Amino acid sequence: MNPAEETINTTDYVEAPPAPKRTRMQEFRRTLGQNRLAGLGFIIFFLFFCCAVTGLVLTSGSKPAFDPSMVRLEEKLRPPLSKPNLKALRPDQVPVLNVYLMGTDDLGRDVFSRMLQGAWVSLTVGFVAVGISVLIGIFMGGIAGYFGQHHIKTVHILFFLCLIGGTGLIIANFTVIGTVILLLCPAYIFYSQLTRHGSTEKETPALKAMLHSNAVSVDTLIMRIVDIMLCFPSFFLILTVVALLPASIYNIMIVIGLTSWMGTTRFVRAEFLSLREQDFVAAAKALGLSTFRIIFRHIMPNAVAPVLVSATIGIASAILTEAGLSFLGFGVPPPHATWGNILSNGKNFIFDAPWLTFMPGIAILIVVLSFNLFGEGLRDILNPKLRERY
Amino acid sequence: MIDRRPTNDWPLLCVENLKVYFQSNGERARAVDGISFEVREKETVCIVGESGCGKTVSALSILGLIPTPPGEIVDGQIIFSGQNLIKLDEKEMQKIRGNHISMIFQEPLTSLNPVFTIEDQLGEAVKTHKSINAEELNRYCIQLLNDVGIPSPEQRLNDYPHQLSGGQRQRVMIAMALSCDPDLMIADEPTTALDVTVQAQILKLLRSIQQKRSMSILYISHDLGVVSAIAHRIYVMYAGIIVEQGNTDQIFRSTRHPYTQGLLASLPSLSKRGKRLYSIPGSVPNPAYKPAGCPFHPRCSHAILSCQDEFPEMCDYGEGHQARCPVLFKSKGYKGPNEMLKNTMS
């Protein structure tokens with residue numbers, strides 16, 4: 001079965017030399033090899049990841065190999081690479097490698113162990129916070145970009161206001177009013193089901209027209225929410241929320257995530273606005289694909305490159321935000337170590353024991369830098385056209 | 001779900017009195033204003049007309065791809081194998097698109113998704129409409145690429161669209177449109193963006209595919225040269241209405257509408273060498289402000305006073321040849337396109 005040869009003269013073509021066949025993984029490795037800085041960023045990122053995971057294993061448990069909270073008051077503020085004074089310590093207090101790799105702090109705790117423990121916190125904060133913000137951002141941006149021209153009816157806005165307001169009032173102990181307002185919602189659903197089957201002519205047309213008029217487009221609604229969110233100075237918003245909520249690493253991740261999705265939303269919306277008019281989207285529609293599949297399989301991969309770049313920068317800034325919060329004393333509660341609170345402890349001894357501020361500072365610098373470099377490289381890898389340049 | 005055998009009285013696709021209007025800034029653009037045409041089984045039907053006369057809009061409305069708002073199908077019906085496509089909801093339309101009716105677009109350079117390999121895109125429609133496993137899909141894709149005449153298809157499967165030439169991309173688009181074995185393929189100016197040699201290859205390919213797969217093609221073009229090479233029957237569109245219809249011979253040899261005559265006269269050919277090329281004066285009217293009466297009368301050399309206020313009826317010349325010009329129908333002194341050309345030149 002080879003009908004092509006009957007009808008088409010294949011010698012019309014100059015046979016192109018076959019491109020070397022590569023899998024996606026090989027392509028990925030090749031690009032990282034070509035783009036030195038991105039490769040370097042990736043390697044550092046990988047090392048950091050290994051450190052964080054092994055650090056988690058080595059510093060947790062009832063008898064950890066590196067104990068970050070072991071206090072040795074006799075050995076406080078020892079410089080890096082100094083040997084422990086074996087005479088002053090009990091045998092179980094001696095550090096594992098028989099050396100303080102990064103010195104000790106004002107309570108004689110081993111800074112190396114504390115850095116290891118903090119690495120995991122930084123990693124999870126970075127990834128979870130950015131994960132939350134990217135998910136929200138892609139979702140909101142995708143809706144605003146693809147369905148932006150659709151309108152929301154006044155009645156739907158009232159419905160949600162009743163829902164939120166009612167719940168809020170019940171929580172604030174105005175139970176009766178809250179329940180009444182909340183009950184308006186099922187009443188409306190019931191009513192609309194009734195009128196759908198019965199005649200709709202009886203009601204006053206003016207009220208109905210007002211309720212069913214197009215209040216606001218989806219695009220306007222979402223983008224104004226974004227504008228409102230951007231108006232808040234987010235670091236102080238985070239400070240307020242963290243002060244109100246119980247201090248926990250998970251609360252911090254969620255709060256950082258919930259206050260940093262606006263940039264991603266704008267990126268994704270802008271990308272969707274231009275991509276949705278492209279011919280390949282029309283072609284996908286003409287092939288009978290569902291809207292869901294068009295959005296997530298055809299438009300999203302085209303829109304995701306700038307999002308990922310901003311996400312890697314977002315990871316860096318989330319780590320910095322966490323460090324900042326810990327530095328101010330609002331972050332992860334002690335005795336758990338993070339790079340931020342090692343730094344904040346160290347500032348009291350910056351002249352006597354500079355390694356307490358240098359070590360976490362340099363670690364943050366290197367990790368943030370590697371993320372940014374890797375993000376740049378990732379953009380090239382995800383875009384098949386840019387890839388050809390290397 | 002559908003009775004797949006068309007009955008004798010209905011052709012495969014039958015569009016009746018279709019009206020598609022666009023609303024913008026309070027103006028109502030009548031892009032398609034009551035057109036009727038039919039596509040029978042194993043037939044190539046061409047819709048010809050200048051840019052902006054509503055060809056693409058009519059094609060898109062067959063697939064239900066008119067963006068609403070601003071567009072709206074105001075009136076008419078589109079009967080495809082016994083089903084009115086306008087009445088179907090989105091879910092049912094998705095089963096028809098790609099599966100029973102497929103479409104090739106004008107710009108092969110942008111109609112393929114730049115981040116996917118050819119294999120991913122070719123398999124997409126098949127995966128959506130049929131159940132098929134990965135290995136069969138791969139073999140099927142290779143066979144499809146073979147059918148549309150792409151050399152070394154195994155290697156091309158892993159290429160990205162930007163690695164292919166324009167002609168190859170259009171072949172991939174055709175392969176995608178063929179992938180579910182549709183009954184009707186709509187080709188919206190598929191050769192406009194390609195150079196002439198590639199255009200000839202693509203036309204040859206379309207003809208051979210049509211014979212092999214016995215499907216119908218609705219071909220939309222502004223190029224009468226292309227149309228003469230491929231069409232069985234031709235509909236000439238102007239300003240949202242059909243002004244002349246008939247088979248290829250009738251349209252090219254006994255042209256009955258001044259607009260079609262003008263189009264034919266403005267085709268360049270060797271016999272006109274050294275002379276100034278004829279062009280129809282004026283341009284297509286803005287669909288929001290169409291002239292009353294015959295929409296072509298401001299540009300027509302045969303126009304008489306009644307053209308300004310009477311909408312022309314279809315005049316039957318027999319054997320399916322119809323034209324919307326009562327003036328030429330009544331006057332015995334019918335002039336062929338060449339004669340008309342001489343008159344306008346002098």
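This is a predicted model: local features need pLDDT of at least 70, side-chain atom pairs count only at pLDDT 80 or more; totals for chains, interfaces and linings use all residues.
1. pLDDT is the predictor's confidence in each residue, on a scale from 0 to 100. For chain A the average pLDDT is 79, with 89% of the residues scoring at least 70. Residues 1-16 of chain A are a stretch to treat separately: the pLDDT there is below 50, although the model still gives this stretch 18 contacts beyond near neighbours in sequence.

2. Now to the overall make-up of chain A. Its secondary structure amounts to 16 helices and 2 strands. The chain has 390 residues, of which 36% count as buried. Among contacts in chain A with a separation of 6 or more, 70% are between residues 24 or more positions apart.

3. The domain layout of chain A deserves a look. The assignment gives domain 1 as 23-63 + 109-151 + 218-387, and domain 2 as 70-104. Between the C-alpha centres of domain 1 of chain A and domain 2 of chain A there are 36 Å. Their contact involves 10 residues from domain 1 of chain A and 11 residues from domain 2 of chain A. On the side of domain 1 of chain A that touches domain 2 of chain A, α4 and α15 (355-382) of chain A each supply at least two residues. The most comes from α4(A), which gives 3 residues to that side of domain 1 of chain A. What is the make-up of this side by class? It has 7 nonpolar, no polar and 3 charged residues.

4. Buried in α11(A) are A:M262, A:T264, A:T265, A:R266, A:F267, A:V268, A:R269, A:E271 and A:F272. These buried residues of α11(A) pack against α4 (111-146), α8 (218-231) and α13 (291-328) of chain A.

5. Over in chain B, why is helix α3 (residues 118-129) described as largely enclosed by the rest of the structure? Of its 12 residues, 9 are buried, so the rest of the structure largely encloses α3(B). The buried residues are B:I118, B:Q121, B:L122, B:G123, B:E124, B:A125, B:V126, B:T128 and B:H129. Their cover includes α4 (134-147), α5 (153-156) and α6 (166-178) of chain B.

6. Chain B also has an open sheet, in which 4 strands follow the order β2-β1-β4-β5 with antiparallel pairing. At its edges stand β2 (27-39) and β5 (83-84) of chain B; each has a single partner strand, so one side of each is left without a neighbour in the sheet. Strand β1 (residues 13-24) of chain B pairs with β2(B) in the antiparallel sense over 10 bridges. For a point of reference along the strands, B:L18 is opposite B:I35 in β2(B).

7. Is B:A200 buried, exposed or partly exposed? With 15 other C-beta atoms within 10 Å, B:A200 is partly exposed, because a residue counts as buried at 20 or more such atoms and as exposed at 12 or fewer. The C-alpha atoms of B:A200 and B:I132 are separated by 34 Å, and the two residues are 68 residues apart along the chain.

Note on methods:
Residues are numbered from 1 along each chain as its sequence is written. Chains are lettered from A and ligands numbered from 1 in the order in which they are written. Two residues are in contact if their C-beta atoms, placed from the backbone, lie within 7 Å. Domain bounds come from an automatic or database domain assignment. Ala, Val, Leu, Ile, Met, Phe, Trp, Tyr, Cys and Pro count as nonpolar, Asp, Glu, Lys and Arg as charged, and the others, Gly among them, as polar. Two strands pair if DSSP finds at least two bridges between them.
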